[in-house]
Amino acid sequence: MSTHKSRFTSTSDTKVGILGAGAIGQLLFHQLTATGCAPYFITRGGNTRQQTLTLTSIENNTSNLSAELFSPVSQSDTHDALAQVMRDTQVIIVCVKAYQVNEAINSILTRIPKDCHLLLLHNGMGPHLQIEKQLSTQGLSVGTTSQGALKLATWHIQQTGCGSSQLGHASGPQLPNRLKDLLLSAIPQSQWCEPVLPLLWQKLAINAAINPLTAIEQCRNGALADIRYRPIIEMIISELVEVAKLEGVELDKLVLTNRVYEVIKLTANNFSSMHQDVANKRQTEVGSINGYIVARARVHHLNCKTNEDLYNQITKIESQYPI
Ligand code: KPL
């Protein structure tokens, strides 16, 4: 695997759109601004507006920034303010949940400049397969991040963990080096990795093992270290390794299993994102985690019973949320 190291200084003429203003989107806004570039948000609903963003760092320092928000369905703009700001945008970082990616990109598709580049940054896998078919001239990159951020209020985030990020090419034209350098210098502990797909499969294994089990068992990540979960965790990973192989990605089952147990230990006190989604009766990302493994297995006429069982259990829980 090759990695690309950053040697970027700073630029204020680089316009970066951030599609989705969740915790990770806001964290990236702060990090990109600190590097000297000019990010803005694309969010659903509302009109074009200014918003004050607050970041509480890991060291408990608080800082404020002003951000501009543009909506694809703005109600009061007589001119298309989003189209105007997007005209000279070089990169759009897509930070919505995997199940929102398609709709979110479709809402801006006709406004994306021909030479703009898209970067998908979400848990799970899948949306890139659809998006790469929809882009005509634009390049697509994908990434995974373990940076941690928690929303304390709608526009106030707390950085909860440093984490690392791996980004890499998916389809179409490559992200120009100047923009790679910009992203790598803005995002701490980030690397450009080719090929990036094995790293996404590795992150998928972590989420496929930890997320549904903690949601079903209603426990913290650390509880999965109990020996009774070992057989099911091994089955989840075995099935994933088999599917990945048919997709052209070779993974080592033992290395992956050790990595999953390492993350269980490192995040022992955390409630996984799927546990939190279920506890708050929100839609989970199971469709792009265990559901993605099952869907790709089907393409290869393979059965993934354990991942399918977990997928079915989580979707059943979701279907029982009060309306
Ligand atoms: O990514 C995570 C998640 O909860 O989605 C892990 C690594 C499992 C940490 O909780």
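Trainee: Let's start with the ligand. Which residues surround the ligand?

Mentor: Keep in mind that we are looking at a predicted model. The shell consists of Asn123, Lys203, Ile206, Asn207, Ile210, Asn211, Asn221, Val263, Ser272 and Ser273.

Trainee: Which helix gives the most to that shell?

Mentor: Helix 6, residues 197-217, does, with 5 residues.

Trainee: And how many residues of the shell are nonpolar, polar and charged?

Mentor: Sorted by class, there are 3 nonpolar, 6 polar and 1 charged.

Trainee: How much of the ligand does the protein bury?

Mentor: On its own the ligand would expose 280 Å², and the protein buries 83% of that.

Trainee: Now helix 6 again. At what angle do the axes of helix 6 and helix 8 cross?

Mentor: Helix 8 covers residues 253-266, and the two axes come within 10 Å and cross at roughly 60 degrees. Angles from 65 to 115 degrees count as roughly perpendicular and those under 35 as roughly parallel, so helix 6 is oblique to helix 8. The crossing of these two helices is right-handed.

Trainee: What about helix 10 and helix 11, at what angle do they pack?

Mentor: Helix 10 (residues 290-299) and helix 11 (residues 305-319) pack at about 135 degrees, with axes 8 Å apart. An angle must be over 145 degrees to count as roughly antiparallel, so helix 10 is oblique to helix 11 as well. Their crossing is left-handed.

Trainee: Last topic, the backbone. What is the general rule for phi and for peptide bonds?

Mentor: Most residues other than glycine have a negative phi, and most peptide bonds are trans.

Trainee: Which two residues does a cis peptide bond join?

Mentor: Glutamate 194 and proline 195, with omega about -5 degrees. Proline 195 sits in the loop between strand 12 (190-194) and helix 6, the helix that gives the most residues to the ligand shell.

Trainee: And is phi of asparagine 60 positive or negative?

Mentor: Positive, near 75 degrees, in a residue that is not glycine. You will find asparagine 60 in the loop between strand 4 (49-56) and strand 5 (62-70).

Note on methods
Residues are numbered from 1 along each chain as its sequence is written. This is a predicted model: local features need pLDDT of at least 70, side-chain atom pairs count only at pLDDT 80 or more; totals for chains, interfaces and linings use all residues. Side-chain values use heavy atoms; hydrogens and water are left out. A residue is near a molecule or strand if one of its heavy atoms lies within 4 Å of it. Accessible areas come from the Shrake-Rupley method with a 1.4 Å probe; for residues, only the protein chains shown count as cover. Helices (H or I, at least four residues) and strands (E, at least two) are DSSP runs, numbered from the N terminus. Ala, Val, Leu, Ile, Met, Phe, Trp, Tyr, Cys and Pro count as nonpolar, Asp, Glu, Lys and Arg as charged, and the others, Gly among them, as polar. Axes are lines fitted to C-alpha atoms, for helices over the stretch in contact, and angles run from 0 to 180 degrees between N-to-C directions. A crossing is left-handed if the near helix is turned anticlockwise from the far one by less than a right angle, and right-handed if clockwise.
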